Amino acid sequence: MNMTTPIEQRDFKIVGKSVRRDDVLEKVTGEAEYTGDVKLSGMLHGKIKRAAIAHARIKSIDVSKALAYPGVKAVLTHENVPRVLHYGSPHPRSASCTKDQYILDDKVRFWGEGVAAVAAISEEIADEALDLIEVEYEPLPAVFEPEDAAQPGAPLIHDVGPGGNLVLDPVRINRGDVDAGFAQADFVLEGVFSGGRPHPAYMEPNVCIADWDGSNKLTFWTSTQTSFMVRGILAEVLGLPLTKVRVLVDHMGGGFGAKQDLFQHEFLCALLAKQTRRPVKMEFSRHETFVAGRSRHPCKIWLKQGFKNDGTLVARDMKLAYDSGAYGSHGPGVTIVGTTAATSLYRCENVRLEGRCVYTNTPINGAFRGYGVVQSYYALDIQMDEAAERLGMDPAELKLKNVVRAGDIAPSGHPILGHGLEICLQHGIDVLDWKKLRNRDRTPDPKRPHIRTGWGIGCEMHGSSAYPGIKEQGNATVKVNEDGTVTLLTGAAGLGTGAHTALAQIVAEELGVRFEDVGTIHGDTDVVPWDIGAFASHTTYLVGTAAKMAAGKVRTAVLERAAMKLQVSPAEIDLSEGKVFVITDPGRCMTVAQAMGPSRGIPAANIVANGTYEPTKSYSFAAHFAEVHVDTETGIVEVKRVIPVHDVGRVIHPIAAQGQIEGGIQQGIGHTLTEDYVIDKKTGRSLNAGLVDYKMPLSMDMPDIETIILEAAPDPGGPWGAKGVGEDPIIAIGPAIANAIHDAIGVRFRHYPITPEDVLKALREKAA
Amino acid sequence: MKRIVELTINGEPRDMVVDSCRSLLDALRDDLGLTGTKKGCDVGDCGACTVIVDGEPVNACLMLAVEAEGRSVETIEGLQPGVDVLHPLQDAFMRYGASQCGFCTPGILMMAKKLLDDNPRPTDEDIRFGLSGNICRCTGYTKIFDAIKAAAIEMEAARS
């Protein structure tokens, strides 16, 4: 991010066009190979025995009956696997992770944790063998709520970490003088906000296959967003040289952040395969994707802010408590990112923040789209709406007054570039004729007098990298082949966003060839350049810039080679749409294929170049406008219409960018109204670990979405100014809905999900 | 107990030897190698394994393979009318961005085919209702609705 770097403008040939994605033909024909479709000869099936207790010591574990069961080939327990303390979240070069996991331990920390694993000749036999494993537990007192876990004398879940069930030392941020700020305030708002435990519910359950060869090398297929991190931690924990682990992932059935952990079953699968000397496949049931997967951190937030009567925000005091579940996973990263984010969004010079993250005896929470910011901006944005109400002001006007602008300090510590959020907000206000909407006739429809309509606005901003928590590196290799075609090698995962297509577009545009001539190789850690993983909304920004750098280098080399053949100087020629031509005499030209091919004693050749990029950060912005219908008889809230206005910098592939926004809105409507993975507060048992009881918005529930993407504030750190888009929509939609519900029925909700029961109860209390 | 099952898959007669407790989904994927049909939940909740059996959409995970004896099963592998020819729905799904991660796509395409076979001119509500048993977690459905509407119009035009 460099404010003085100009963003190159050009007449784009490929960037900005919705070219056909490179992965979709296989997807619509059923030919796309996902990890679970891989079948190896002699493959065994692995299954995990899961604890039916939330906190306990294992007194004894007897596997003799399971081992004797016909068809069972191996059984693993904490007594026969390596005992190596390791990270769950595999982010490299980062302080934001905690080493608190063993492959298998003699202690159980949540209901559903794996205590043993079986490999057998069929899934059914493996399943049956699990029942033959006898575990004797010594129950320990368990805690299920962060408040209880943080109490002095609460049962300790881990021996490592700062103690007191804290995952990390509290994150504290102080700017300006908060007490002086409150002293200037004309009024103060204070409230407690909370968020549930939404689950990403990617359609492809976690799955992996392990296969060892005669040289003791492990080939490992797994559905992961972070294949090189999987390679690194597997090698470390299994005591292998890095290159003795090869990780493969082709198509992925979604991840939404949660598939960037190193999961227990992945180690167990590798070890079962090692012990049996046969390939082993481990595939989660849908139930296991909940219990042993990762969900978003439940969070409780206390927020107090001081305002002047003109709407100026003069002080912000905020305490956030994230529930990590039984292990650290992404708890530290989420706490740091979610807390730091609250320095921004709405301008305030005096800020005091404290973020905590606490272990509980519940399933593990990890990375999920929005990464701690969903929670903190829900509170900030709703309280801004409350301030508008108190002031008798239009919330749009108050938000416009306070949103961050160019030069303000972003959570990363950098100045914000451009007025992205202001432009998005103003654009939505204009498009919707917001003032008229606010002043609309609110008389209920006489045919449906129990329906109240409301409109709300939610604002957000989100970084397109994990900087400064992680100093990232993006890599790309671009080859021009002797027939003029181009191959891009990238380690970026293709979890369904269209990232590889965007990268290929960038290469084609920069190099000056046709999009169809660029092929992409990905998903093999033995072949492609190292990649940090697909997360933090950064693939287009980070790897896209690396790809552009590599393409720029090969372009120069192609021009030099063509210049030699055309007998001109490289400065005299240009390359566009696969053709090299003399600028002053375009008739003198050759194709890239001719430039690369043999001629008059010059043999055919390849040109290869690498791009490596270490970015800081850019921010994308969005303002969502949502219309809800609240049924005052049933309490059901229907989201009818959403107008999301996003600034993503330069748009590389419009349809893919819209798809990210529309899908993010679907998931955000879910966590705001219906989705919550519920853990029983008495036993720690999962109560709705399935797709019927876990209620997601489906085809009948989706509103009309009229997506607007503005290239309002391009960032020079991304290719032609491109920024991220993956996480933004899920952050903005939540407060837009909560604020719209308030507009409809005059009730202020400060939690999610806002269920029909909550609505009815609040209406009853309001009437009383 | 193993049983021999004879059935028609995508127009071709096939037979397979399966355990009587084996689901049609596992038989398709593991015994016949037709892995285009996906397993998203294995309990009939998600619709990723939707196939068409004797003209009716079925969650293949909820049907036993032995129940398919003598019946005609259509899967995603049979949706293309010919080599290098796509069904209009497949083409529209690509153009409209209706497939992101793609894991739900085969099931949704089969359900959409059934929908358009029965109802060539569906309303928006018909499409929403028709897909109510198929979970897509990536797209927000918007582009899936657009693609199905576009395919319906193209198929109608091709008929007239």
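The model is predicted: local features need pLDDT of at least 70, side-chain atom pairs count only at pLDDT 80 or more, and totals for chains, interfaces and linings use all residues. Residues are numbered from 1 along each chain as its sequence is written, while chains are lettered from A and ligands numbered from 1 in the order in which they are written.

The contact (C-beta atoms, placed from the backbone, within 7 Å) takes 41 residues from chain A and 38 residues from chain B. On the chain A side, α1 (24-29) and α17 (654-674) each supply at least two residues; helices are DSSP runs of H or I with at least four residues, strands are runs of E with at least two, and both are numbered from the N terminus. α17(A) gives the most, with seven residues.

In chain A, six strands form an open, mixed sheet in the order β9-β17-β16-β15-β10-β30. Two strands pair if DSSP finds at least two bridges between them. β9(A) and β30(A) are the edge strands, each pairing on one side only. The bridge partner of S194(A) in β30(A) is H751(A).

| Strand | Partner | Bridges |
|---|---|---|
| β10(A), residues 187-195 | β30(A) | two |
| β20(A), residues 486-490 | β21(A) | five |

T487(A) stands opposite G519(A) in β21(A). The chain crosses from β20(A) through helix α14(A), residues 499-511, to β21(A) in a right-handed β-α-β crossover, the path over the helix running clockwise with the strands pointing away from the viewer.

Note on methods: Contact = placed C-beta atoms within 7 Å.
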